[in-house]
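Dear colleague,

Please find below the structure that I am handing over to you. I would be grateful if you kept it open while reading the notes that come after it.

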Amino acid sequence: MNESSVKPFKDILGRFEESARQKQAEWDALPEEEKQRIQTEERRKEELQRHEELITLYKSKGIPPKFYTSSWDNWISDTEEKQEAFSVVKEMAWRTNLFLCGKSGTGKTHLAMCLAKDGATYRRLPDLFREVRSDLNSEQDTIDRYGIIKLLIIDEVGRQKFSPFERNLFFEIIDKRWNNEVPTTIITNLSEDEFLEEYGTAIIDRLRPEIVEFNWESKRETLYIEEAPPASNNYENIEF
C-alpha cells in the first residue's frame with residue numbers, strides 16, 4: 001500500500017476518533033441525573049424493541065395473544081396423567097407425529113403454544129383453508145410451505161363440514177409432510193376412531209401418531225363451577 005492510499009484512510013480514522021472523543025466529552029459533562037435519565041430511556045427503548053420483535057415472532061408462529069404467557073413452567077401437572085401428557089409432548093413432538101385428543105379446556109393448546117415458542121408453527125385448520133381460499137393460485141405454494149416446516153401443529157381438527165377441496169388440501173399437506181419426514185401434531189376433540197371415521201384411513205396411515213389423551217375435566221368448566229362468576233363477566237379474558 002503506497003503513501004497516497006494510506007493518507008485518506010488515516011484522515012478518516014482521525015476524524016472518527018475525534019468525533020468519538022467529542023461525544024465522550026459531551027457525555028462526561030452531563031449531570032449524573034441526566035445520564036441516568038438517558039440510560040433509563042435507552043433501556044426502555046431496547047426493551048420495547050425486543051418486545052415488538054417477540055410479538056412479531058409469535059404472530060409468525062401463529063401464537064394468539066391469549067397464550068403469550070403460556071410456558072412449560074406454568075403448566076400444572078397435578079396428576080400423573082397430566083405429567084405423562086406434558087412429558088410426551090415436550091420430549092417427542094420434534095421426533096414423531098402426535099395426536100392430542102380430549103375435550104376443550106384440558107390444556108392441549110397450552111402445550112402446543114409451548115412448542116410454538118420453541119420454534120414450531122401453529123395453525124388452526126380453518127385458517128389454513130382460509131389462507132388458500134384468499135388466493136386460489138397459492139394452493140401449491142401453501143402445500144409446499146407447510147410441507148417442509150420442521151414441526152407443524154394443526155389445531156381444531158374436528159367434525160367440520162369440509163368441502164372436497166378442503167378435505168383434499170388437508171390430505172395433501174399431511175402427505176407432503178409424510179414424504180418430507182417431518183413431524184406433525186394434530187389437536188382434536190375426536191378420539192382416534194372418530195377421527196378415522198371422519199377423515200378416512202389415508203391420513204392416519206401416513207401419520208401413525210403417538211396418541212396423547214387429555215381425559216381429565218375441562219379447566220374452564222372447573223373454574224366456572226368453583227367461582228360461579230356473574231353472567232356479565234368477560235370469559236374471554238380468563239387464561240387457562
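The notes below concern a pocket and a pair of helices.

Please bear in mind that this is a predicted model.

Two elements each give two or more residues to its lining, namely α7 (164-180) and α9 (201-207). Of the elements, α7 gives the most, with three residues. The residues that line the second largest pocket are Arg95, Thr96, Asn97, Ile174, Arg177, Trp178, Glu181, Val182, Pro183, Thr184, Arg206 and Leu207. Sorted by class, the lining of this pocket comprises five nonpolar, three polar and four charged residues.

The pair of helices

Two packed helices are described by the angle between their axes and the distance between the axes. For helix α5 (residues 125-133) and helix α6 (residues 139-146), the axes come within 9 Å and cross at roughly 140°. Angles over 145 degrees would count as roughly antiparallel, and those of 65 to 115 as roughly perpendicular; α5 and α6 are therefore oblique to each other. The crossing in which α5 passes α6 is right-handed.

Which residues meet where α5 contacts α6? From α5 come Leu128, Glu131 and Val132, and from α6 come Glu139, Thr142, Arg145 and Tyr146. By class, the residues of this contact divide into three nonpolar, one polar and three charged.

Yours sincerely

Notes
Residues numbered from 1 in each chain as written. Predicted model: local features only at pLDDT ≥ 70, side-chain atom pairs only at ≥ 80, totals over all residues. Heavy atoms only, no water. 1 Å grid on protein atoms, 1.4 Å probe; cavity = no way out; pocket = protein on both sides within 12 Å on 5 of 7 lines; lining within 4 Å. Helix = DSSP H or I, 4+ residues; strand = E, 2+ residues; numbered from the N terminus. Nonpolar A, V, L, I, M, F, W, Y, C, P; charged D, E, K, R; others polar. Axes fitted to C-alpha atoms, helices over the stretch in contact; angles between N-to-C directions. Parallel < 35°, antiparallel > 145°, perpendicular 65-115°, else oblique. Left-handed = near helix turned anticlockwise from the far one by under 90°. Contact = heavy atoms within 4.5 Å.
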